[in-house]
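Here is a short briefing on one protein model. Look at the structure first, then read the points below it.

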Number of protein chains: 2
Amino acid sequence: MAGNPFFEREARPHVEGDFARDELALAYRNSALPLEALAYDVTPLGLHYTLSHFDVPRLDEASFRLAVGGRVARPLALALDELRGLPARTVRVTMECAGNGRGLMRPRYPSMPWLHEGVGTAEWTGTPLRHVLERAGLASGVADVAFLGADRGFDRGVEHDYGRSLAAAEALGEDVLLAYAMNGAPLAPQHGFPLRLVVPGWFGMASVKWLTRIEVLDRPFDGFQQAIGYHYRKHAGDPGVPITHAKVKSLVAPPGIPDWYTRRRLVERGTVRLHGRAWSGAGVAIARVEVAIDGDWREAAVDPQRDRFAWQAWRYDWDAAPGEHELACRATDAQGATQPLAPDWNTNGMGNNAVQRVQVTVR
Amino acid sequence: MAGNPFFEREARPHVEGDFARDELALAYRNSALPLEALAYDVTPLGLHYTLSHFDVPRLDEASFRLAVGGRVARPLALALDELRGLPARTVRVTMECAGNGRGLMRPRYPSMPWLHEGVGTAEWTGTPLRHVLERAGLASGVADVAFLGADRGFDRGVEHDYGRSLAAAEALGEDVLLAYAMNGAPLAPQHGFPLRLVVPGWFGMASVKWLTRIEVLDRPFDGFQQAIGYHYRKHAGDPGVPITHAKVKSLVAPPGIPDWYTRRRLVERGTVRLHGRAWSGAGVAIARVEVAIDGDWREAAVDPQRDRFAWQAWRYDWDAAPGEHELACRATDAQGATQPLAPDWNTNGMGNNAVQRVQVTVR
């Protein structure tokens, strides 16, 4: 590694083809959803994706305090028991990494090289953030509410605690949670123990883990991950568009059995039930899922939306004939947004919701 | 992808440099230990490594039966409740993938390209296997006991259920468990729900997950993963040496804070407590850990062995001076086995226990 990465202030050059050791090492630092786990309504712990920018901090629950400061009437320092004493709410949320699919873009930005696996669904329990903000008392003229984690490191030469913000109106929404439990158990270290933010409908970067500080601001939050990271940019120098909600997407659980190394699938001839999940952002329901067999699109059956922010199951019974086949799936949401056939390229490889393709051999 | 991988019967050619998409996709299918999690005596769920050859099966606990057959007096079909009714035992076990470190060998065999992360420590609860074998009644002249999982796929053109075996004497050892719980909870799907074998002191491939069949044999088990996979081989055509116990090894938790992409570390000058874990195979204790600062080896403090099959913590207080430094650690076990400075190369990249090196910048 030439140069000092702490002063790597420029964007890394785009690449094609094989993956650098730095990209592989990032893949190991984070959990991924093996696609057969699309079978679960709620993703079991350890199969839900994680994306941690820096090291996973080890925090002590007894001494933990959530600090709330800035433009508030009453600064707070809340212990976990105090947060647990506030009204509790459980929300089932499909969360996806904004960088999911980055490894499939060409050329590719060297970063976490997700293929399809940066997603999962969990039941988060906590108190709506608004209870804490109301207790602190927002001053007039508040613009942003910033959320800062205990995880610290460098990105593009900038040392910072991981931090993101929401506009005040968004932060007061009933489904934005200060979550202390996932799937009915205390948060695992890698999911933000003891406390995290959960912002349903947004890509995962908004849901700050190891949340230790809330700063109420009368100006836009200028932290690295808000002002520089997490934008859709079409070229160097493009000020870009901030990334917010997840995009419409679907995945199929590859049918049959795999080859160990290539993961190529072998499927028995006859009726094969294809199944998977589909979701969109901002609580918009999925209206339609189509499946393509060798490029021929057919209608799949989709479960109705049961939880506003959770994925919907879909299925299609395929009459599989011997030979080589390519499967694909495509979701369309209730607002008519649909998945593109090829990635919508942007400089940092964000928000790739192109249709997934799976090669199978039927015998 | 050229050719039909189901008939890929030859070993793949060795490679150097960047990693193929197939290698990256395997990395995503398995969990890895982020090295800061070396701080935990028992690895939290989701941070313990996994290595699944094929898809993670979804098994139903109510209808699950463990079949015991072959050279036994009384074939059995045991429900999970029957297994839970047998004498229970909990064993703390450090388990490492035999392929851990494969991605650091040169040239490299294209397979799961572990760097350092294929390890973890868990508390497994189950019944010693011998209770079930004794209930079934081993015939005379038994050679091997084979263990078959519910996971099925291809490797090098051979379709098979994942399976491994132990010599009968080994299988009757008190610490070989039929485990139904990990860290006090039912097994997670990716760790073998509802039942797995745990063979302490061996590399992980022996601890068959989703265990559904035990076959007692009067001949050596000839399954793919026993007879072809998991051997140390020095060249093509080498019959090789079967892989059994883990090798002596140590890891250090990288100090300081990271750069997002390169994971290069920044450390504050002054006293820095370096810490990590060390373990060996077959229950042999770690006698010594050394730390190298820029190639100068010093003695670290090592905790005594508390659990025969679990890693031991070590620490070293480093007086860090500003500049660039390379850290390394090396364990030696009570039988005098120690880690090599460079990998002991073999065709499939197995058992790499070379010393880990970490680059840091002190400011």
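Trp210(A) sits in the loop between strand E9 (196–198) and strand E10 (211–217) of chain A; helices (H or I, at least four residues) and strands (E, at least two) are DSSP runs, numbered from the N terminus. The model is predicted: local features need pLDDT of at least 70, side-chain atom pairs count only at pLDDT 80 or more, and totals for chains, interfaces and linings use all residues. Residues are numbered from 1 along each chain as its sequence is written, while chains are lettered from A and ligands numbered from 1 in the order in which they are written.

**Backbone angles**

- Most residues other than glycine have a negative phi, and most peptide bonds are trans.
- Trp210(A) is not a glycine, yet its phi is positive, about 50°.
- Trp210(A) counts as buried because it has 25 C-beta neighbours inside 10 Å (buried: 20 or more other C-beta atoms within 10 Å of its own; exposed: 12 or fewer; partly exposed: in between; C-beta atoms are placed from the backbone).
- Tyr230(A) also has a positive phi, near 55°, and lies in the loop between helix H5 (224–227) and strand E11 (231–232) of chain A.
- The peptide bond from Arg106(A) to Pro107(A) is cis, with omega near -10°.
- Another cis bond runs from Phe193(B) to Pro194(B), with omega near 0°.

**Helix H3 of chain B**

- Leu129(B), Val132(B), Leu133(B) and Ala136(B) are the buried residues of helix H3 (residues 129–136).
- Gly137(B), with a positive phi near 80°, follows H3(B).
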